[in-house]
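User: I would like to learn how to read contacts, cores, salt bridges and surface patches from coordinates. Please take one feature at a time.

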Amino acid sequence: MFENQSEEQARQEILRLVEEYCDRFHKRKPYKEGDRIPYASRVYDRQEMRNLVDSSLEFWLTSGRYTDEFEKKLARYLQIRYCALVNSGSSANLLAFMALTSPLLGERQVKRGDEIITVAAGFPTTVTPMIQYGAVPVFVDVTIPQYNIDVDRLEEAYSDRTKAVMIAHTLGNPFDLAAVKEFCDRHNLWLIEDNCDALGTKYTIDGTEKFTGTIGDMGTSSFYPPHHMTMGEGGAVYTDNPLLNKIVRSFRDWGRDCVCPPGHDNMCGHRFDRTYGELPEGYDHKYVYSHFGYNLKATDMQAAIGCAQIEKFPSFVERRRHNFERLFNGLRGTEERLILPEAAPGSKPSWFGFLITCREGVDRNTVVPYVESKGVQTRMLFAGNLTKHPCFDQMREAKQGYRIVGDLKNTDRIMKDTFWVGLYPGMTDEMIDYMAKTIKEAIE
C-alpha cells in the first residue's frame, strides 16, 4: 500500500483513514428515554484519535513533543507559569505534597510528625501522601450544601506543628479560598488546591477572577476518563513558584537533580564538571539525585489526546454549567425533601457533579436504588467519612496518626444521606430532564 509513498505521505494516509474510522465507528448513538445515563463519559472526536495514532507512529512512547505542547497549553489556559504533566491525578497529589518535604524549602520543609489541615469528606488520595510520608492529617468538618471545609474551624485546627492546608474543591464547587488563603498567609502555611474535580472553575479573590488551582501555592488536576477532560489516565501539577516547579519535576523524574528531558543530555553545559553531595568531582549530573523520587511521567500518547481535549475544554465547561442549571431548575419544588447544591460565594463553578442530600424522612437507601433501577448512574461523595474506612482501622485502634477537630457531624451526614449524579458535557437536555423526573419519582 505504501510502496510508492514517502514516510510522511504514508503517515498522512494512515491518519486520514483513522479519521474516517472514528467518524464511522465511534459516533455517539442518539439518546432514547430509558437508555443508561452514566455519571460521566468521554467526549471526543476524530482529532483525539488522530493525535493518539500520530504519537504512536513516532513510537517515542515516553514524554516528548506532545507532552511539551500540553504543558504549555494548560499553563496558558490557567494563566500560570509552570505545569508538569504526570500519569494520574493521584500522582499529582503525591508530587504536590512531597514537594513540600524537600530540604530545599529550609524552615518551611514539611517533616514527619508535622500536621496538614484537610477534610475527611473527599477522595482518599488527597490524604494518602500525608499518611504514607508520616505527616499527620488534621480533619475538619465541612458545610452543607457547599460540601467544603468549614472555615470557622481553621483556627481550632491550627497548632505549632501545622505546616500546610491541602484540600479539594468538591465536585467543581470551590472552598472558601479567600478565608483559607488569608489563614495560610497569616500563619505562613503552604496551600495545595486539589483541583482534580474543578478544572475550569473560577473564583474572585481580592477583586480578581482567577482559576481555582492557581490561587494557592500549587494546584493538581486529573485526566481520568470521568473528569473534566481526559487522557485515559493522566494528571498535572501547576504553580507560579519556580522552586516548587523544580522540586515537583525532580520528584516526578526519579528524584534526579538534572533537568534534561528524556532523550536530551547536558543542557546546562556542566554535566561532568561539578561536585554534588559526597560524590567524586565530575560525576555524571544525569545520575545525581537530590530527592527520593519516583517515575510518574505520562506517556506522549496520553499527552497527544490531552492536546486535542484542551482545545475543546472551554466548551466542556460551559456545557457543564448549562447542565447544572437545567437540573437545578428541574428539581425546583423538591427542597422540602432534598437539599440541593449551592455554589460558593464569588465563584463560577465548573461543575463535576450534582450533589443531593436527603432531608429527614427521606431514605437515601430507598432513593438511590430506585434512581439506579431507572438507568441513572449515581455516586457517593467518594469516601463519605474517610476515617471510618478499613484503611484507618489500625490508626483508629491506636488512636494515633491523625487528629479530628471537634466532631465531623456534617461529614457523617454526607456519608449517610448524600449522593450525586453526573453533568458531563455529552449529556443532552433530554437526559438531564429524565434524571430530574426520575429523582422526583424516587422521593415521592
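This is a predicted model: local features need pLDDT of at least 70, side-chain atom pairs count only at pLDDT 80 or more; totals for chains, interfaces and linings use all residues.

User: Where does K163 lie, and which residues does K163 touch?

Analyst: K163 belongs to strand β4, residues 162-168. Helices (H or I, at least four residues) and strands (E, at least two) are DSSP runs, numbered from the N terminus. Contact means heavy atoms within 4.5 Å. Leaving out residues up to four places away in sequence, K163 touches E107, R108, Q109, V110, D114, E115, L189 and W190.

User: How should I read a nonpolar core, and which residues have the most contacts inside the largest one?

Analyst: In soluble globular proteins, nonpolar side chains tend to be buried together. A nonpolar core is a set of buried Ala, Val, Leu, Ile, Met, Phe, Trp, Tyr and Cys residues joined through side-chain atoms within 4.5 Å. Buried means under 20% relative accessible area, exposed over 50%, and partly exposed in between (1.4 Å probe, protein chains only). Here the largest core has 54 residues, and F70, L74, F223, L327 and F354 have the most contacts inside it. Elements giving two or more residues to this core include α3 (65-78), β1 (82-86), β12 (353-358) and α13 (429-443). The largest share, 10 residues, comes from α9. As for L74, its contacts beyond four places in sequence are C83, L199, F223, A236, Y238 and I310. Another core lies apart from the largest one; it has 36 residues, among them A92, V110, M130 and F139.

User: What counts as a salt bridge, and how many are there?

Analyst: The rule asks for a side-chain nitrogen of Lys or Arg within 4 Å of a carboxyl oxygen of Asp or Glu. The count is 36. One of them pairs E69 with K73, the closest N and O atoms being 2.8 Å apart. These two are 4 residues apart in helix α3, so about one helical turn separates them. E69 is partly exposed at 28% relative accessible area, whereas K73 is buried at 18%.

User: Which salt bridge joins parts that are 21 residues apart in sequence?

Analyst: That is K286 with D265, at 3.4 Å from N to O. Both lie in the loop between α8 and α9. K286 is buried, with a relative accessible area of 13%, and D265 is partly exposed at 45%. A further pair is R271 and D284, with closest N and O atoms 2.8 Å apart. That bridge ties together parts of the loop between α8 and α9 that are 13 residues apart in sequence, and both partners are buried.

User: Which residues form the nonpolar surface patch?

Analyst: They are W254, L279, Y283, Y287 and Y289, with about 520 Å² of accessible area together. L279 is in the loop between α8 (242-252) and α9 (300-330), and is partly exposed at 32%. Patches take residues with over 30% relative accessible area and no salt bridge; like charges are joined within 9 Å, nonpolar side chains (Val, Leu, Ile, Met, Phe, Trp, Tyr) within 5 Å. Accessible areas come from the Shrake-Rupley method with a 1.4 Å probe; for residues, only the protein chains shown count as cover.

Methods
Residues are numbered from 1 along each chain as its sequence is written. Side-chain values use heavy atoms; hydrogens and water are left out.
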